[in-house]
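Here's a quick tour of a chain and its cross-links. Have a look at the structure first, then read on.

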Amino acid sequence: MAFFVCFFFLFLLVSSSTACDRCVHQTKVAYFSQDSALSSGACGYGSLALGFNSGHLAGGVASLYKDGAGCGACFQIRCKNTSHCTKKGTIVTLTDLNRNNQIDFVISSRAFMAMAQKGMGQDILKLGIVDVEYKRVPCQYKNQNLAVRVEESSQKPNYLAVKFLYQGGQTEIVGVDVAQVGSSNWGFMSHNYGAVWDTSRVPSGALQFRFVITAGYDGKYIWAQHVLPADWKSGVIYDSGVQFTDIAQEGCSPCDYETWK
């Protein structure tokens with residue numbers, strides 16, 4: 001049943017994807033003067049977000065946030081003002097929902113300044129809002145596996161809530177199953193909000209996870225065989241032992257495959 005449910009949602013997500021994330025889009029971008037505003041956002045990362053991507057964070061509109069499936073996605077953004085900005089721009093990690101539909105992103109001041117040419121960071125800040133182009137790019141975490149944080153709301157043995165951190169590749173998690181290590185009796189977890197998944201049917205003992213992610217033009221399973229120990233604790237971050245490197249493709253064209261330098 002879990003297999004069917006996961007791939008049913010995967011089919012819906014892939015078949016309804018029309019944003020063509022990997023294509024180049026035009027918009028305007030503003031910034032938050034306090035980066036903490038993006039860390040306390042809709043993805044639920046909290047203060048942990050400040051350590052993502054050197055604090056280059058972003059709140060994205062609903063079509064990028066994707067009801068939380070877009071949390072942790074990476075986008076390369078460059079401003080179109082050539083007198084102030086570089087051709088490379090900067091890469092941001094999506095940590096929040098931007099409810100202002102007039103612009104696709106609100107980013108951290110650190111990321112905003114990173115779009116500027118050397119020595120012009122303060123000058124671009126004074127502009128407040130700039131025209132940009134952006135595209136989705138793979139997230140890269142060198143020597144860092146996908147991490148699983150047990151939320152404080154978890155209560156053994158009746159309830160388990162986890163959030164996933166440092167998600168690599170250009171993918172989205174669309175299904176999560178959990179089982180006792182060594183068991184084939186998988187139970188599906190529900191997407192609570194943002195990057196948080198939960199279940200009230202918590203297996204006993206050490207736990208393994210099985211992820212369904214978007215990959216290629218379809219999807220795939222990623223099996224993390226030993227994640228939570230039998231004595232797992234709330235508030236602790238555990239190494240999943242796996243990382244995503246896949247790139248989800250979309251049936252749209254033309255797209256920009258050029259590396260921005």
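## The Cys 79–Cys 85 bridge

In this predicted model, the S-S torsion of Cys 79 and Cys 85 comes out at about 85 degrees, so this disulfide is right-handed. The two sulfur atoms sit 1.8 Å apart, and both cysteines are buried.

## The other two disulfides

The structure has three disulfides in total. Another one pairs Cys 74 with Cys 139, at 2.1 Å from S to S. It's right-handed too, with 115 degrees about the S-S bond. Cys 74 belongs to strand 3, while Cys 139 sits in the loop between strand 6 (129–137) and strand 7 (147–150), so the link spans distant parts of the chain, 65 residues apart. Cys 74 and Cys 139 are both buried.

Then there's Cys 43 with Cys 71, sulfurs 2.0 Å apart. Here the torsion is about -90 degrees, so the bridge is left-handed. Cys 43 is buried at 0% relative accessible area, and Cys 71 is buried at 5%.

## A buried lysine

Lys 163 is part of strand 8 (residues 160–165).

What does the Lys 163 side chain reach? It gets to the backbone oxygen of Gly 44 at 2.4 Å, and it makes a 3.3 Å polar contact with the side chain of Glu 151. Beyond four places in sequence, the contacts of Lys 163 include Tyr 45, Ala 147 and Val 196.

Average pLDDT for the chain is 89, and 89% of the residues score at least 70. Residues 1–18 stay under 50.

Definitions and conventions
Residues numbered from 1 in each chain as written. Predicted model: local features only at pLDDT ≥ 70, side-chain atom pairs only at ≥ 80, totals over all residues. Heavy atoms only, no water. Helix = DSSP H or I, 4+ residues; strand = E, 2+ residues; numbered from the N terminus. Polar contact = N/O pair within 3.5 Å; in protein donor to acceptor, adjacent residues only side chain to side chain. Contact = heavy atoms within 4.5 Å. pLDDT = per-residue confidence, 0-100. Disulfide = S-S within 2.5 Å. Buried < 20%, exposed > 50% of the residue type's maximum accessible area, 1.4 Å probe, protein only.
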